Amino acid sequence: MVNRQVNKQDIIEALIFIDKNGVPSNRRATKYNLYHNDKSYPPKYVLSIATKIATGRELEPSQFNGGDETNSFLTTLGFTIREGSKPLPATKPKVKSISICTALIQIPSDNWDDIANSDKIKLLSTILSQLSKDTDILVLPAGFLNCKSRRPETIFDKTEQTITTLIKKYNDNLFICFGIDGRLDGVNKIDQLGLTINKTGIIAIARKFHHMNNNIHLADTAFALEHNKQRHFLIKGKRPYLAVCNDTFGISKFKLANETNCDFIIGVIHGFGSSGGDSDFARKGLAGASKQWRVHSYASAVFSDNRNPTNWTSGVEWTHGSASVKDFTYDQIRIDSNLKMLTTDIATIYLRHYDE
């Protein structure tokens, strides 16, 4: 009998297990297949593995029926079951590549929060004036704006109005990803959100879900809605996932399944000052997330004068299988990119361009 404790996440993890380990010859499908991401799987074996993931004990073939019992259960969870073994045709339309620009910001001090939001918006305007009209996504750091003692949502309307105006002025097709921090309590930033804005307004909101400090107000899960909006969005047929700072570590630490089928990760990261951390974020954070989800990661952050933004890889691709991310250098994980530098009164901007 099918175990009703099994949920959709258990099924997705079972599919990942099968992708890595294959299907025993005696457990292959005979009539029906489960289709997911243009691949086919034997439904009964999927359910056996998913039950082991959910309960610790694999459901043996003799303990439940294939056909209607298995297929009905999987269909109820939202999966597609069809007769035959031919893979379904690809459902994603052919799309042009997505042009991504990461903006690394270097400032003389360690404290980006001391700079007024109005000056940061002027800095954004300068960046936009220098971007190619072909740029699809601009990635800015976490905490690009801050609300001091207030909650981030208190400036949502003003921020939305200001940034949509800039987008319409410089590049009508641009998506801008950045962070807003709020309720600053000494060194703690209790609210840490990531936003995506295009010409229509705020289209995605993410709350940080992973942090070592219990004072931070975290999201319930890595896929929870925030202000009734998803943290992923759609652009040119692809779905980026918005990760707020330490969230990139959380993807690999918790071995999260890519349950919303995101095509790449955008990391809005706070910054690297005298205490460093930039190496760990590139290798263990961005590369770890890329390894877990088998997608590219792109990120921006603020750097103090003692750090080196020119060497930091803001675009990461993992091609080293199950090897430890700790064993690889920047050059072994970086995605090649062009670099353009802008110098302003308050910061030096390092713009890197990628094609996803």
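This talk goes through a few strands and helices of one predicted model.

Some ground rules. Residues are numbered from 1 along each chain as its sequence is written, and side-chain values use heavy atoms, with hydrogens and water left out. As the model is predicted, local features need pLDDT of at least 70 and side-chain atom pairs count only at pLDDT 80 or more, while totals for chains, interfaces and linings use all residues. Helices (H or I, at least four residues) and strands (E, at least two) are DSSP runs, numbered from the N terminus.

I start with the sheet S2-S1-S3. Its three strands form an open sheet in that order, and the pairing is antiparallel; two strands pair if DSSP finds at least two bridges between them. Strand S2 (39–41) and strand S3 (80–83) stand at the edges with a single partner strand each, so one side of each has no neighbour in the sheet. On average, neighbouring strands here are turned by 40° against each other, direction ignored. Strand S1, residues 32–36, pairs with S2 over three bridges, and tyrosine 35 stands opposite serine 40 in S2. Helix H1, residues 8–21, packs on this sheet and touches S1 and S2, where contact means heavy atoms within 4.5 Å. The direction of H1 makes about 100° with that of S2; axes are lines fitted to C-alpha atoms, for helices over the stretch in contact, and angles run from 0 to 180 degrees between N-to-C directions.

Next, two helices. H2 (residues 43–55) and H3 (residues 68–76) pack at an angle of about 65°, with their axes 9 Å apart. That makes H2 roughly perpendicular to H3, a term that covers 65 to 115 degrees. Pro43, Lys44 and Leu47 of H2 make the contact with Thr70, Asn71, Phe73 and Leu74 of H3.

Now strand S15, residues 348–355. A hairpin of four residues joins S14 to S15, and lysine 340 has leucine 351 as its bridge partner.

Last, strand S11, residues 264–272. Eight of its nine residues are buried, so S11 is also largely enclosed. Strand S10, residues 240–244, runs parallel to S11, joined by five bridges, and proline 240 stands opposite phenylalanine 264.

Technical notes. Parallel < 35°, antiparallel > 145°, perpendicular 65-115°, else oblique. Buried < 20%, exposed > 50% of the residue type's maximum accessible area, 1.4 Å probe, protein only.
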